[in-house]
There are 2 protein chains.
Amino acid sequence: MRTLKYAILGLLNKKPMTGYDIGKEFNNKDLAEFWTAKHSQIYPELKKLLDEELIVYQIEISGEILEKKRYSITEKGKEAFLNWLKKDEPMEPTPKDIFRLRMYFSNNLDGATRLYLLDRQLIQHRDRLAHLNKNKERYDDIPPLESEEFGDYLVLSGAISREEATIQWLENFIAYCKNQDRNLSSL
Amino acid sequence: MRTLKYAILGLLNKKPMTGYDIGKEFNNKDLAEFWTAKHSQIYPELKKLLDEELIVYQIEISGEILEKKRYSITEKGKEAFLNWLKKDEPMEPTPKDIFRLRMYFSNNLDGATRLYLLDRQLIQHRDRLAHLNKNKERYDDIPPLESEEFGDYLVLSGAISREEATIQWLENFIAYCKNQDRNLSSL
DNA sequence: CCTTCCATGTAACTTGTTACATGATTTG
DNA sequence: CAAATCATGTAACAAGTTACATGGAAGG
């Protein structure tokens, strides 16, 4: 489906960047909540996009020697990107989740181990949620729809509601485990 | 990480199955909410598990000619599975989501297209939620923790809360779009 | 000077999808 | 008897991760 291709075009459509900059967007920024890529995947993809004439680059010298390639999107690239963006694609198949797969089999665990695993997971998701909420504090208001920051705000709030749902699910599960445990030991 | 390996072991730990049966579990059942695999991935994996002596099979004749291989888990396989199941693995990196990636770039769309795409997505997620809720009706009560059906109930309720969160996010987003639109056109 | 970050790439491998290939059994 | 389902496999490709490989720039 070449999603990485369009993700890169989308970033370059905002402003010219180096491969390294793209890597940071995919790893340190809010966008990373819903899309990531390592540099080992980015550099070969940039080469492909050059071949397809969707991007061009300009060499810049940083310091004395170091050359960096600042890529920008071409008209052809913009067209391809906008075409992808406006397409009405069917919903994606549900994403995989190893922890839930494991819990699917959790009847094979003893009660203590199950609770331990659930608790560890809950802690991690709560930390993550706290971190996301802290990021959200940067916004006094919801940014205007047409602004660049709106995308960031959107993925951030999406990530927050996803975490909240996960935490809710974990808490319900834990409460049920504890409840069953109490009932059994009172026999 | 060999997750498919352990997913198959987990299923065979419940009861002996053919490759075809495993495919059905990964595609038609509740488990498919959090793990899937095509038969083209399953058959080669079964071969690997045989090599590793974690499973064995027995040939059964169905009708006159058709041979099917019913696989079962070995003691070694059970051990490997339980070992995997009880391991406390760190939280996974956040799963990718193409639609949210697209919406991250949605400031490049005109208001009508954006609303159209959001609406289409919302419809699909509502359908999916309705379908999941219908499945949940099978359960009068939460199944006991140690039962086989508990896993099914768990992934089902996880999928429901995930869909609810997504729908909430979409509805908020749509409301904000409509609101901004009204404010702009009243100028 | 030393550590962290900037910067770019390739190679080997794992995972997963789509397509190719075949044929038997069951159900209406 | 035709269609849906059962049943098992392989091949080619796409996507993604880990490891290998190199070296400059900036800041403390």
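Among the atoms of DNA strand C that lie within 4 Å of the protein, 68% are sugar or phosphate atoms, and the rest belong to bases. The model is predicted.

**Surface near DNA strand C**
- DNA strand C is surrounded by 23 residues, and the closest are A:Y20, A:K68, A:K69, B:S40 and B:E64.
- By class, this surface has eight nonpolar, eight polar and seven charged residues.

**Polar contacts with DNA strand C**
- At the phosphates, a polar side-chain atom of A:K96 is 3.2 Å from a phosphate oxygen.
- B:I65 instead uses its backbone, with an N or O atom 3.0 Å from a phosphate oxygen of DNA strand C.

**Contributing elements**
- Two or more residues of the surface near DNA strand C come from each of α2 (19-28), α3 (39-51) and β2 (67-73) of chain A, and from α3 (39-51) of chain B.
- The largest share, four residues, is given by α3(A).

**B:R114**
- Helix α6 of chain B, residues 111-136, contains B:R114.
- B:R114 has a relative accessible area of 1%, under the 20% limit, and therefore counts as buried.
- Apart from neighbours within four places in sequence, B:R114 contacts A:L145 and A:E146 in chain A, together with B:S106, B:N107, B:L109, B:F173 and B:C177 in chain B.

Definitions and conventions. Residues are numbered from 1 along each chain as its sequence is written. Chains are lettered from A and ligands numbered from 1 in the order in which they are written. This is a predicted model: local features need pLDDT of at least 70, side-chain atom pairs count only at pLDDT 80 or more; totals for chains, interfaces and linings use all residues. Side-chain values use heavy atoms; hydrogens and water are left out. Buried means under 20% relative accessible area, exposed over 50%, partly exposed in between (1.4 Å probe, protein chains only). Contact means heavy atoms within 4.5 Å. A residue is near a molecule or strand if one of its heavy atoms lies within 4 Å of it. A polar contact is a pair of N or O atoms within 3.5 Å; within protein, one must be able to donate a hydrogen and the other to accept it, and residues adjacent in sequence count only if both atoms are side-chain atoms. Ala, Val, Leu, Ile, Met, Phe, Trp, Tyr, Cys and Pro count as nonpolar, Asp, Glu, Lys and Arg as charged, and the others, Gly among them, as polar.
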